[in-house]
Protein chains: 2
Amino acid sequence: MRESASTVVSPAAEAQGQPRINRRQAAKVRTRQKVLDAARGLFAERGYEPATIRDIAKGAGMSTGAVFANFQDKAELFEAVLTEDMAGLADVMKNGAGDGTTRGRLVNALSAGYHGSIDQLPLFQAIVARSWFQPVAAETRQRAATEGLTGVISDILRSGIGAGDLKQDADIALLTELTWDAYLSNYRRAAYDGWSVEQLADHIGRQVDTLLAGVSTR
Amino acid sequence: MRESASTVVSPAAEAQGQPRINRRQAAKVRTRQKVLDAARGLFAERGYEPATIRDIAKGAGMSTGAVFANFQDKAELFEAVLTEDMAGLADVMKNGAGDGTTRGRLVNALSAGYHGSIDQLPLFQAIVARSWFQPVAAETRQRAATEGLTGVISDILRSGIGAGDLKQDADIALLTELTWDAYLSNYRRAAYDGWSVEQLADHIGRQVDTLLAGVSTR
């Protein structure tokens, strides 16, 4: 998206005689982003069901028609927010893993995840809530959007086998699933018990110790 | 509730000269139960937010006023359904544990839980969805309602230490939490992947093996 926005002022594009189209494209991208940001705010504030397209449009300062020109319905809008945010969070986790033992890398990555998402806690809550009660097609798309995140966990575990930290027959899929469930569940402690990022990081560390106890070689 | 309903035909109560009051009480209990059943059906069908008091009243064949005479609002109604169902499920789990190893008892109890709740899967989904996006006070009451369930898990683990199956320093609270998170998360497999109770039971068995690996003495 940033790339097409930048073509507006790109001399190369001007030279190709496409500035008008690119300006229009850029406006479209900006409009889309404005809708996404307004939607993100409202989903975080109210949750999925009570957030209406009418109020999202109002928040973005445009008509509902302008929203519908960009997104077919609320579900598509929600998934666009989710996809954008989960992709960003996967990068944060991946970059947070750093070097060290498998245990250390996993806890670093997950702690970085908490750091990078705690400001969006209510949105995260709305996302998980919705994941429990949505059409199968929406669930399938949501899983695709979170694959980047679970992928970070399974990559670290797989490297752990390669590095000799974990047993060869460690069940990566099962461990990834249990780690992800624990990671997600901890957000409820932040939401309802006021846990800080440090408390979350400490807790996931103890959970990872339990989960890896049977497959650690050291 | 059944006890007070039975007093209607109780000779002892008749002898005390309270049949009219008891009949009225019994009618109130029946009305309350009718509302609860209608609400349970609608929450399961639509989830929490889209289920309206108006439609719950319609489903129960009464006025919204009659519903409000029994429950202050939708949240209270939802919690009453939840409390009733979770208490029943805790009994099912406890009775399902049986004898045997700690691992065996835990897996038996959790499998019994799946058996006893799979018919109510959509309601369960609505409950978990709501648990992610509700006022703190509602969350506190919901935790109290599910304490019976997590209590079954921690009781089995604690007995496991006593029986010498688990190490003395096993962190019961942490293990209970991880087991409960895994147990809950598996419902999504039933909801979206069509997993049978047998598949759920098999899966929680493998998860329990992973969770207990570090604390088993055998």
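In what order do the elements of chain A run from the N terminus on? They run α-α-α-α-α-α-α-α-α-α-α, and chain A accordingly counts 11 helices and zero strands. The model is a predicted one.

**Fold and extent of chain A**

- The C-alpha atoms of chain A fill a box of roughly 65 × 45 × 30 Å along the principal axes.

**Annotated spans in chain A**

- An unreviewed UniProt entry lists "domain: HTH tetR-type" for residues 29–89 of chain A.
- Residues 29–89 of chain A are 80% helix and 0% strand, with 22 Å between the end C-alpha atoms of the span.
- The UniProt annotation "DNA-binding region", also from an unreviewed entry, covers residues 52–71 of chain A.
- Residues 52–71 of chain A are 75% helix and 0% strand, and the end C-alpha atoms of this span lie 13 Å apart.

**Contact between domain 1 and domain 2 of chain A**

- Domain 1 and domain 2 of chain A bury about 1,200 Å² between them, and carbon and sulfur atoms account for 69% of that area.
- Between these two domains there are two salt bridges.
- A:Glu84 is paired with A:Arg40 in a salt bridge, where the closest N and O atoms are 2.7 Å apart.
- Four residue pairs are in polar contact between domain 1 and domain 2 of chain A, with both residues of each pair at pLDDT 80 or more.
- On the side of domain 1 that touches domain 2, the elements giving two or more residues are α3 (19–46), α4 (53–60) and α5 (64–70) of chain A.
- Helix α3(A) supplies the largest share of that side, eight residues.
- By class, that side of domain 1 of chain A holds 10 nonpolar, three polar and two charged residues.

**Interface between chain B and chain A**

- How many residues of chain B are in contact with chain A? The number is 43 residues of chain B, in contact with 43 residues of chain A.
- Eight salt bridges are counted between chain B and chain A.
- One salt bridge joins the side chains of B:Arg206 and A:Asp171, at 2.9 Å from N to O.
- There are 24 residue pairs in polar contact between chain B and chain A, both residues being at pLDDT 80 or more.
- The side of chain B that touches chain A draws two or more residues from each of α3 (19–46), α8 (121–131), α9 (136–162), α10 (172–193) and α11 (197–212) of chain B.
- Helix α10(B) gives the most to that side, with 14 residues.
- The residues on that side of chain B divide into 20 nonpolar, 10 polar and 13 charged.

**Salt bridges in the whole structure**

- Side chains of opposite charge can pair when their charged atoms come close.
- Over all chains, a search of the whole structure finds 27 salt bridges.
- A:Glu79 and A:Arg141 form a salt bridge in which the closest N and O atoms are 2.4 Å apart.
- This pair links distant parts of the chain, 62 residues apart: A:Glu79 sits in helix α6 (residues 74–96) of chain A, and A:Arg141 in helix α9 (residues 136–162) of chain A.

Terms used: Residues numbered from 1 in each chain as written. Chains lettered and ligands numbered in written order. Predicted model: local features only at pLDDT ≥ 70, side-chain atom pairs only at ≥ 80, totals over all residues. Heavy atoms only, no water. UniProt positions renumbered as here; feature names shortened; annotations may be inferred. Helix = DSSP H or I, 4+ residues; strand = E, 2+ residues; numbered from the N terminus. Buried area = accessible area lost by both parts, 1.4 Å probe. Salt bridge = Lys/Arg side-chain N within 4 Å of Asp/Glu carboxyl O. Polar contact = N/O pair within 3.5 Å; in protein donor to acceptor, adjacent residues only side chain to side chain. Nonpolar A, V, L, I, M, F, W, Y, C, P; charged D, E, K, R; others polar. Contact = heavy atoms within 4.5 Å.
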